[in-house]
Amino acid sequence: MPDSPVLYVLNGPNLNLLGTREPAIYGSATLADAENVAKAAAGGLAVVFRQTNHEGQLIDWIHEAGREAAGLVLNPAAYGHTSVALLDALKSLSIPIVECHLSNPLARESFRHQSYVSPVATGIVSGFGVNSYDLAVRAAVTLIRERAAA
Ligand code: DQA
C-alpha cells in the first residue's frame, strides 16, 4: 500500500449509462455525478474511480486494489449476481470492501437477490440512488481510519 491511503471505487457494467439508463430505477444522476459525490465524501483521501463493462478488467482492477488501495467501494452491477470469478478475486483482498448499489436489489427481481460480493463485503449500502456512493465512501473511509489507528 502507498504511504498515503487511497480508496478505490470500482463500477461494473452498464453504469456508464447512468442518467439515461432506466431513470425510474437508477435516477437521473450520471456516473460523473457519482464520481463527484464519491470524491466529496472521501474527506481528503485520494480516490481512484473507474468503470468498466468487462469482467476481466474489473478483476484486474480488484487485484490492483489489493496492491495499491487501503479500501474498496464496489458497485459490481450485474456481475455481482453472476460472477464467481469476482468473488474469488475479492477473497484475495485483506482491505475493507463496501458493496454499493444505487437501487435496492433485494426489493427487485429474485435473480438480483443473489450477491457474490456480499459474503466478502464488510458492509453493504443500497437503495439511496447516487447518495449510496456518499454513504459507502464515508463508511469505507471510517474503516480505513479505524484500521490505521489500531
Ligand atoms: C445495481 C443493481 C444491479 O442489480 C444491476 O444489475 C445494476 C446496478 C445498482 O447499482 O443498483 O447494474 O448494481
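Mentor: Ground rule on naming: strands are DSSP runs of E with at least two residues, numbered from the N terminus. And keep in mind that this is a predicted model.
Trainee: Okay. Where does Val 73 sit?
Mentor: Val 73 belongs to strand 3, residues 71-75.
Trainee: Buried or exposed, Val 73?
Mentor: Buried, because its relative accessible area is 0%, and the cut-off for buried is under 20%.
Trainee: What does Val 73 touch?
Mentor: Leaving out residues up to four places away in sequence, its contacts include Leu 7, Tyr 8, Val 9 and Leu 10. Val 98, Cys 100 and Ala 136 are also among them.
Trainee: Switching topic. Where is Arg 21?
Mentor: In the loop between strand 1 (6-11) and helix 1 (23-26).
Trainee: What about its charge partners?
Mentor: Arg 21 is buried yet has no salt bridge. Glu 22 is the nearest side chain of opposite charge, 4.2 Å away. A salt bridge needs the atoms within 4 Å.
Trainee: Which side chain does Arg 21 make a polar contact with, then?
Mentor: That of Tyr 26, at 3.5 Å. Arg 21 and Tyr 26 are also among the residues surrounding the ligand.
Trainee: Which side chains put a polar atom by a ligand oxygen?
Mentor: Asn 75 has a polar side-chain atom 2.8 Å from one. For Ser 103, a side-chain N or O atom is 2.6 Å from a ligand oxygen.
Trainee: How much of the ligand's accessible area does the protein cover?
Mentor: 99% of the 320 Å² that the ligand has on its own.

Key
Residues are numbered from 1 along each chain as its sequence is written. This is a predicted model: local features need pLDDT of at least 70, side-chain atom pairs count only at pLDDT 80 or more; totals for chains, interfaces and linings use all residues. Side-chain values use heavy atoms; hydrogens and water are left out. Helices (H or I, at least four residues) and strands (E, at least two) are DSSP runs, numbered from the N terminus. Buried means under 20% relative accessible area, exposed over 50%, partly exposed in between (1.4 Å probe, protein chains only). Contact means heavy atoms within 4.5 Å. Lys and Arg count as positive and Asp and Glu as negative; His and the chain ends are not counted. A polar contact is a pair of N or O atoms within 3.5 Å; within protein, one must be able to donate a hydrogen and the other to accept it, and residues adjacent in sequence count only if both atoms are side-chain atoms. A residue is near a molecule or strand if one of its heavy atoms lies within 4 Å of it. Accessible areas come from the Shrake-Rupley method with a 1.4 Å probe; for residues, only the protein chains shown count as cover.
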